[in-house]
Amino acid sequence: MVKICCIGAGYVGGPTMAVIALKCPEIEVVVVDIAVPRINAWNSDQLPIYEPGLDDVVKQCRGKNLFFSTDVEKHVSEADIVFVSVNTPTKTQGLGAGKAADLTYWESAARMIADVSKSDKIVVEKSTVPVKTAEAIERILTHNRKGINFNILSNPEFLAEGTAIADLFNPDRVLIGGRETPEGQKAIQALKAVYAHWVPEDRILCTNLWSAELSKLAANAFLAQRISSVNAMSALCEATGADVSQVSHSIGTDSRIGPKFLNASVGFGGSCFQKDILNLVYICECNGLPEVANYWKQVIKVNDYQKTRFVNRVVSSMFNTVSGKKIAILGFAFKKDTGDTRETPAIDVCKGLLGDKAKLSIYDPQVTEEQIMRDLSMKKFDWDHPAHLQPSSPTTSNKQQQVSVVFDAYEAIKDAHGICVLTEWDEFKALDYQKVYENMQKPAFIFDGRNVVDAKKLREIGFIVYSIGKPLDS
Ligand code: NAD
């Protein structure tokens, strides 16, 4: 029986391994993590992450061929294939701070694999890592463990949070990069055989190691660039009277451009886009390509600009001050169908409004009060002074008085002067807006950061509506 062990039971490791276990009943899959509460949650009815369909998949195989454990060393030593799906955040200190990937977790996982291995292993990079990481990992593994063969593969994950299970069941492609040696090709075939249980052969792409590593960074950079491009257009639409939805539709019907990922919004978030572009910027700089670095940096700058523009619009619309005014924040997760708030645009929007002394009442169906309060106390990276992290403002205690987290959209909205829709949860489309209007201060403002509400209908009720990239009277 082939044994797989995955180090890291997070948003990627958990769902990916659950799907491998489901599709490959003859393979034993153990997901290990040093975070005890996370593993306990994977072994309970309250999984640590929210993903549509995940509960079902886990229930079908947990205890049969899918296991979650904190006994990292034991399961790594017994495995034939070790996936490494640990976090690779942006470095916050030292060389490359604010841009380079922090590979501390990766390095410690690699050293541990070397220490505990007693048999040959295929080690799979599942985390998103800088191009050439496999070379460093090979050095760590082979120097620390003579006589054992380690074959490194790059198998980056392309799932999107919120649709992770559907993406894993039916991936656009699975990418496997390996060495062009006979051993490297044999390792590729072994991993290919796992995915071949459910992924059609023509969707399993095999490349060299560096192409696979770089493809993941390139894919995220292209996706984020597309959002920044449409968001940049949304600003021009507002200035000229064009409607960004009409522009997106018009350009999306060009088969070279395509219709997906062209929705204007308050900005992109999530743990990956910004981090991976920063990483790409750093790699370009290290390779003597400052112009290429600047090109990608601009994608993040436009994203920051979009969030600032949104906050400025809220404040300027509400008579140039939100001081003491209650603003309902509908949605805090970085997108719908996830409880993940990492790099969510809601953080910057809320901080901007708090800076103008607004009172925020925040509701998100999947995000906890603890997450929100932690996120709003986070420090923000300053592009122009990378060595320093700015102090958060206003102070945490003031902020706690200014922020309440509630468990119902109508409660958030009660007596509010304005509403900001920051996540495209379906339930925000279906609210009884007549009732909402009656329970708000007048004039009642709604700022739709995701273009999900029916602006025309809301204007008929009496709301003043701002939609991203649309004329104010449309
Ligand atoms: P995560 O933070 O949710 O999970 C990582 C887990 O690794 C944590 O639970 C942590 O405790 C564990 N870990 C760290 N060091 C460990 C060690 N030495 N031994 C055992 N466990 C250890 O991160 P994630 O969102 O799952 O992302 C993982 C990687 O996948 C990142 O590189 C990310 O860029 C990439 N990725 C993420 C997504 C996404 O949508 N979240 C999509 C594609 C790729």
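C272 sits in the loop that runs between α10 (244-252) and α11 (273-286). Keep in mind that this is a predicted model. Once its neighbours within four places in sequence are set aside, C272 is in contact with T128 and N220.

On to the ligand. There are 27 residues around it, and G8, G10, Y11, V12 and S127 are the ones that come nearest. Which helix gives the most to this shell? That's α5 (residues 104-116), which supplies three residues. Here's how the shell splits by class:

| Class | Residues in the shell around the ligand |
|---|---|
| Nonpolar | 13 residues |
| Polar | 10 residues |

Now for the packing. In soluble globular proteins, nonpolar side chains tend to be buried together. In this model, the largest nonpolar core has 72 residues, and I329, L330, L353 and C420 touch the most other members. Take L330: leaving out residues up to four places away in sequence, L330 touches Y363, A409, A412, I419, C420, V421, L422 and F428. There's also a second, separate core of 65 residues, with I49, A101, I137 and L168 among them.

Conventions: Residues numbered from 1 in each chain as written. Predicted model: local features only at pLDDT ≥ 70, side-chain atom pairs only at ≥ 80, totals over all residues. Near = placed C-beta within 6 Å. Helix = DSSP H or I, 4+ residues; strand = E, 2+ residues; numbered from the N terminus. Nonpolar A, V, L, I, M, F, W, Y, C, P; charged D, E, K, R; others polar. Core = buried A, V, L, I, M, F, W, Y, C linked by C-beta atoms within 7 Å. Buried ≥ 20, exposed ≤ 12 C-beta atoms within 10 Å, placed from the backbone. Contact = placed C-beta atoms within 7 Å.
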